[in-house]
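Hi,

Here's the structure I said I'd pass on.

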Amino acid sequence: TSFGFRDAWAVGVTDRYTLGVWVGRPDGTPNPGHFGANTAAPLVKDLLAALDHGNAVARPIPAGVSAQAICWPLGLAASNTEAAHCRERRSAWTLDGAAPPTLPDRLHSASLLATAWVDQRSGQRLRPGCLPSGAAPPQAITYARWPTLLQPWIETAQRSEVERLPSGPPCARQAPSRSLRITGLEPGSVLHAVPGRSSVGVQLQALGTTEPVHWLLDGRLVGTTQTLAPNARRVEYSSPAVRMTLSLTLRLTLSGAGQHALTALDAAGRYEQVLFSVR
């Protein structure tokens, strides 16, 4: 596990040993690209492989421990979750049948069960303060939302159908926007290469934050841009499919057709995600 690339943790358990590994910097500054799965977990695996585990022992399931179907994002047992609120179903071990619920996060402390107001005629989302004149009362629909800090990694198919509904024109104009905003690429953009070239390039910038911004392409960290500081560094990043120059702005070069999700995320948890395609 990790938060803001500051602490990479992994814990391994065998019959004889419990081993924890932490990777980070003593002053708490981030290590972009390092997190539990790719840095600490391999070290745990290598260390456990080097230890003497002795003879294998039987592993009976302790009393009170049982497997149970769990629904996310609420974290409750599937038997206690409405089908519409079960966005992701997984199996987990529970003690005495207790399934700890997902707690609201510090950025949005309201319940994970949110209410959407929907115009039954147009199918658009509204708010009580921006109802069209003479419109019928909107329908109140309760849906399960994911914690705010997980939002950058949640795919569209994992969200409730209500969250995907467009906002009605009056509400769209008045709705507040996130403080962090990506410029240079609009949602739903279709990028085409210039005739004679096999790749397409865009220049991007994240506005509305004073923190360094981490950029993820399809969930994979591809670099970090700096804030508007006098000594901002330029860093080169390259791979077989992506090449970028990282400084105050980000130059993204892509080759090959496909659908992509670009996410800009700062250390305070502010983010924006843009879905686009290359043809």
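Asp-266 is buried, at 3% relative accessibility (buried is under 20% relative accessible area, exposed is over 50%, and partly exposed is in between, using a 1.4 Å probe and protein chains only). Its salt-bridge partner is Arg-270, at 2.9 Å from N to O, and Arg-270 counts as partly exposed at 30%. A salt bridge here is a side-chain nitrogen of Lys or Arg within 4 Å of a carboxyl oxygen of Asp or Glu.

Before you go on: this is a predicted model, where local features need pLDDT of at least 70 and side-chain atom pairs count only at pLDDT 80 or more, while totals for chains, interfaces and linings use all residues. Residues are numbered from 1 along each chain as its sequence is written, and side-chain values use heavy atoms, leaving out hydrogens and water.

The structure has four salt bridges. Another one joins Glu-161 and Arg-87, 3.6 Å from N to O. Glu-161 sits in the loop between β8 (139–144) and α2 (169–174) and Arg-87 in the loop between β4 and β5, so this pair ties together parts 74 residues apart in sequence. (Helices are DSSP runs of H or I, at least four residues; strands are runs of E, at least two; both are numbered from the N terminus.) Arg-87 is buried at 17%, whereas Glu-161 is partly exposed at 49%.

There's also one disulfide, meaning a pair of cysteine sulfur atoms within 2.5 Å. Cys-71 and Cys-86 form it, with their sulfurs 2.1 Å apart. The link is left-handed, with -80° about the S-S bond.

Cheers
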